[in-house]
Amino acid sequence: MIRLSMETDRDIRILNLTDPQLTAGEWEKGNRTGDAFRYTVGTLIERVRPDLITVSGDLSYAGDYVSYRNYADYFDDLGIPWTCCFGNHDNQGGDEPVRRVLDEFMKRKTFVFEKCDPALGNSNFVILIEKNGKAAEGIILMDTHDRIPYKADMCGKNEAWAGLTPEQLAWYRDRIAELKEAGCRDSTLIIHTPIYAYIEAAGAAFVNPVPEKGEPDYGFAGWNPGYEDSFGFYHEIISAYPEDEGAFELIHRLGSTGNVISGHDHMNNWAVRYRGVRLIFGTKTGIGSYGESAINGGTVLTVDENGVKDVRHEYVDLDGLR
Ligand SMILES: [Fe+2]
């Protein structure tokens with residue numbers, strides 16, 4: 001467990017970015033995709049003044065080392081502590097390219113990371129944020145891998161998006177115990193591919209949920225009773241592993257994690273409090289890969305001595321980018 005100590009009278013602000021998916025060529029000056037990323041992050045930093053930046057995966061594509069090195073340079077130049085978990089595109093070349101990327105990232109002074117048991121993936125670790133000496137928030141980052149074989153065709157040739165494994169859930173349980181021992185009662189889980197409960201939460205919260213199969217219905221008819229504090233857009237079928245991996249029941253039972261942030265679905269950024277746990281799609285950062293101009297920016301967690309007290313999306317209008 002990494003301890004990040006902050007001495008401050010104000011609330012701590014964590015800025016989550018997700019799915020920027022820049023290739024090496026897109027970092028070049030004058031490339032609109034790279035310019036949009038830098039403009040978006042620069043605007044967010046000016047507005048939010050974050051104490052920590054998290055990236056919930058899919059920074060680039062496995063093997064595109066130039067792009068990953070550019071991320072390392074870019075974040076290092078910002079001078080703000082930053083961290084990430086890896087997404088399916090980061091992981092799509094297997095473990096070796098990710099470890100090479102990590103070797104590069106870990107040379108940088110602002111990168112906050114702890115290597116974990118490789119049997120669980122490449123990005124499972126915990127950052128304990130201490131505010132004025134008090135354990136305030138546990139940030140748990142976990143690796144949701146790439147794809148796995150599946151009986152039906154979910155995202156390729158008889159494959160589904162992978163999720164958290166039973167071994168990772170056992171690891172999560174132990175980390176929550178460790179956080180409680182350290183006096184930390186609140187935690188946030190940051191992953192790339194959403195857990196299965198996102199599908200249940202959307203079904204419960206949206207008056208007209210997007211069907212599990214077929215074309216999404218872009219109409220929004222409101223929130224069901226009890227879910228009026230939800231917010232964000234639902235413009236894409238949820239790409240979770242299609243069966244319940246048991247993550248939510250564990251999260252719910254252990255009672256520590258109040259917020260889960262995932263990425264992966266670029267056109268979803270809804271946040272729904274489901275059975276006491278807020279399940280959130282982070283707002284996509286930039287225009288790499290695919291997306292929607294109205295959903296660009298990041299997600300902000302405000303943290304005080306007792307943990308997360310507020311979650312919001314910050315949108316960046318790219319009309320300001322020349
Ligand atoms: Fe993804």
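Student: How many bridges join strand E2 to strand E13?

Tutor: Strands of a sheet pair through backbone hydrogen bonds, either parallel or antiparallel. Two strands count as paired if DSSP finds at least two bridges between them. Here E2 (residues 12-17) and E13 (residues 297-304) are joined by five bridges and run antiparallel. Ile12 stands opposite Val303 in E13.

Student: What sort of model is this, and how are residues numbered?

Tutor: This is a predicted model, in which local features need pLDDT of at least 70, side-chain atom pairs count only at pLDDT 80 or more, and totals for chains, interfaces and linings use all residues. Residues are numbered from 1 along each chain as its sequence is written.

Student: And the labels?

Tutor: Helices (H or I, at least four residues) and strands (E, at least two) are DSSP runs, numbered from the N terminus.

Student: What is the strand order in the open sheet of five strands?

Tutor: The order is E4-E3-E2-E13-E14, and the pairing is mixed. E4 (82-85) and E14 (307-315) are the edge strands; each has a single partner strand, so one side of each is left without a neighbour in the sheet. On average, neighbouring strands of this sheet are turned by 25° against each other, direction ignored.

Student: Which pairing sense links E3 and E4?

Tutor: Parallel: four bridges pair E3 (residues 52-56) with E4. Take Thr54 as an example; its bridge partner in E4 is Thr83.

Student: Which way do the side chains of E4 point?

Tutor: Trp82 and Cys84 point one way, Thr83 and Cys85 the other. All of these are buried. Buried means 20 or more other C-beta atoms within 10 Å of the residue's own; 12 or fewer is exposed, and in between is partly exposed, with C-beta atoms placed from the backbone.

Student: How many bridges pair E13 with E14?

Tutor: Eight, in the antiparallel sense. Val300 stands opposite Arg312 in E14. A hairpin of two residues joins E13 to E14.

Student: Now the helices. At what angle do H5 and H7 cross?

Tutor: Axes are lines fitted to C-alpha atoms, for helices over the stretch in contact, and angles run from 0 to 180 degrees between N-to-C directions. H5 (residues 166-181) and H7 (residues 247-254) cross at roughly 15°, their axes coming within 11 Å. H5 and H7 are therefore roughly parallel (angles under 35 degrees; over 145 is roughly antiparallel, 65 to 115 roughly perpendicular, the rest oblique). Their crossing is right-handed, meaning that the near helix is turned clockwise from the far one by less than a right angle.

Student: Which residues make the contact between H5 and H7?

Tutor: Contact means C-beta atoms, placed from the backbone, within 7 Å. H5 supplies Leu169, Tyr172, Arg173 and Ile176; H7 supplies Ala247, Leu250 and Leu254. Six of these residues are nonpolar, none polar and one charged. Nonpolar covers Ala, Val, Leu, Ile, Met, Phe, Trp, Tyr, Cys and Pro; charged covers Asp, Glu, Lys and Arg; the others, Gly among them, are polar.

Student: How do H2 and H4 compare?

Tutor: The axes of H2 (residues 65-78) and H4 (residues 95-105) come within 10 Å and cross at roughly 30°. That makes H2 roughly parallel to H4. The crossing is right-handed. Tyr65, Tyr68, Arg69 and Ala72 in H2 meet Arg100, Val101, Glu104 and Phe105 in H4. This contact has five nonpolar residues, no polar ones and three charged ones.

Student: What covers the buried residues of H6?

Tutor: The cover includes H7, E11 (271-274) and E12 (277-281). In H6 (residues 197-205), the buried residues are Ala197, Tyr198, Ile199, Ala201, Ala202 and Ala205.

Student: Is Gln168 buried or exposed?

Tutor: Gln168 lies in H5. It has 23 C-beta neighbours inside 10 Å, so it counts as buried. Neighbours within four places in sequence aside, Gln168 contacts Leu120, Asn124 and Met142. Leu128 is 40 residues from Gln168 along the chain, and their C-alpha atoms are separated by 19 Å.

Student: Where does Gln21 lie, and what is its phi?

Tutor: Gln21 sits in the loop between E2 and H1 (32-48). Its phi is near 45°, a positive value in a residue other than glycine. Gln21 is buried, with 28 other C-beta atoms within 10 Å.

Student: And Ser289, buried or partly exposed?

Tutor: Partly exposed, with 16 C-beta neighbours inside 10 Å. Ser289 lies in the loop between E12 and E13. Its phi is positive, about 65°, although it is not a glycine.

Key:
Two residues are in contact if their C-beta atoms, placed from the backbone, lie within 7 Å.
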